[in-house]
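Reader: I have a model open and some terms to check. Please set each label against its rule.

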Number of protein chains: 2
Amino acid sequence: VLLGAGNVATHLFRAFSETEKVEVVQVYNRSKTTLKPFETLVETTTSIEDLVEAEVYLIAVKDDAVEEIVDQVKNKNALIVHTSGSVPLFSSAKRNGVFYPLQTFSKNAEVNFKEIPICLETSAEEDFVILKNLAESISEKVFSISSEQRKKLHLAAVFACNFTNHLYTIAETICQENQVPFEVLSALIKVTAQKATLYSPKEVQTGPALRNDQKTIQQHLEQITDADETKIYKLLTQSIIDYHGKKL
Amino acid sequence: VLLGAGNVATHLFRAFSETEKVEVVQVYNRSKTTLKPFETLVETTTSIEDLVEAEVYLIAVKDDAVEEIVDQVKNKNALIVHTSGSVPLFSSAKRNGVFYPLQTFSKNAEVNFKEIPICLETSAEEDFVILKNLAESISEKVFSISSEQRKKLHLAAVFACNFTNHLYTIAETICQENQVPFEVLSALIKVTAQKATLYSPKEVQTGPALRNDQKTIQQHLEQITDADETKIYKLLTQSIIDYHGKKL
């Protein structure tokens, strides 16, 4: 039984529909409107009382709504699992787990679930096998990640994605201020991401900071007019020098 | 005539070989060994004096060797062009230009030149057409970029690629310290880069800083043990808050 009808739930439903190993027997959602696209495909309900029996109840709702739903289904004799990266394992349910697909989902964008990492955790070891089978039926990248590790992963993702995207924003601003289409940087941005994930990012670091090329660094600093950008340039340059200097 | 036999020259030669619009009539390189792979494909020489006549002399050598080569060919009655992003336009040659493919090239990696942006500049407007034809014969992304713009582009690339890669390195370090495979973040990193280039990075910013979610930000800061990482987390978080706060 899938609980939720938002982005994550929709993409999960589609992925499970494509495998014969898993059957979604029911989709629950509070609002009937959101359930509409599911109605011709599967039994749906807006009432927790009408939930049918199932081996796993997969809760794919907003982070702050997870606990409330868990509370309502915790007495089921089944595995109660949520899909949220930032919510801990709930011990209130007898058998519980986390099934966290680490990806940002957009409503209509096609998703190749095979490549999406799914991070699993269960309180009981015997339940892990169930989640592992469930995850491996839709993804080739399944990992066992504890709540503690998931916290660190979230922190790492802030650096690798949120902060990275802000640096793209700064680059775009610099381009716009100089009538350079940001598109000129697209290929380089994508190759940088590909290389870092194919190899190890520390092995493929390039640029003036790595070479401790003070002449270029000074020229760059003279070109920056924004105070925040100056601070970021200085700090990241120094951090690269420190990190790779230590390594040598 | 192509001058140079390194990564950029090799990839350019391959790309030009695949189009009928351009003929590389000769490849020059100081060292005979490096010319070896070209010998069966085109006339080669190790001597500047033996250069044949051509419409364009394309200098694809290391940044600090460009000027020396330009000096040796500057009196040719032809367009003298270099491929370096960080070297200015040389007015020593009568007709001169820049043909700068904005990408990092690895020796053996296959390159789809069609998607590589080529930044062009010439002193004389009538020479621009020649370079444009040359560039469009191998790439679909051809831009007119002045020396001043190229400087800014280089600065923007430091933010979008060098600094970004350092953030990947920090994320990898956090993963390794917590026995989480960095691979878990691969899909997210690649999608972040794709989204930023497909849309505008400022439109797709996500994360606790964007929401000014101080609770999560504090939790993250408590988890960081490294002084540099703490500074970077604080500065980039504040910069995102400042940037997107102003926008609202």
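Reader: How many nonpolar, polar and charged residues does the lining of the largest cavity have by class?

Author: Five nonpolar, three polar and no charged residues. Nonpolar means Ala, Val, Leu, Ile, Met, Phe, Trp, Tyr, Cys and Pro; charged means Asp, Glu, Lys and Arg; the others, Gly among them, count as polar. Note that this is a predicted model: local features need pLDDT of at least 70, side-chain atom pairs count only at pLDDT 80 or more, and totals for chains, interfaces and linings use all residues. Residues are numbered from 1 along each chain as its sequence is written, chains are lettered from A and ligands numbered from 1 in the order written, and side-chain values use heavy atoms, with hydrogens and water left out.

Reader: What makes a space a cavity?

Author: On a 1 Å grid over the protein atoms alone, a 1.4 Å probe fits at the points but cannot get out. One cavity of 30 Å³ or more is counted. The largest holds about 40 Å³, a volume being the space filled by probe spheres set on points joined across faces, edges and corners.

Reader: Which residues line the largest cavity?

Author: B:V70, B:I80, B:V81, B:H82, B:F90, B:A93, B:N96 and B:G97. A lining residue has an atom within 4 Å of a point. β5(B) gives the most, three residues. Strands are DSSP runs (E, at least two residues) and helices are runs of H or I (at least four), numbered from the N terminus.

Reader: Why is A:K202 with B:E172 called a salt bridge?

Author: The rule asks for a side-chain nitrogen of Lys or Arg within 4 Å of a carboxyl oxygen of Asp or Glu. Here the closest N and O atoms are 3.3 Å apart, so the pair qualifies. Four salt bridges are counted between chain A and chain B.

Reader: What does the salt bridge of A:D127 and A:R95 tie together?

Author: The N to O distance is 2.8 Å. A:D127 lies in helix α4 of chain A and A:R95 in the loop between β5 and β6 of chain A, so the pair ties together parts 32 residues apart in sequence.

Definitions and conventions
1 Å grid on protein atoms, 1.4 Å probe; cavity = no way out; pocket = protein on both sides within 12 Å on 5 of 7 lines; lining within 4 Å.
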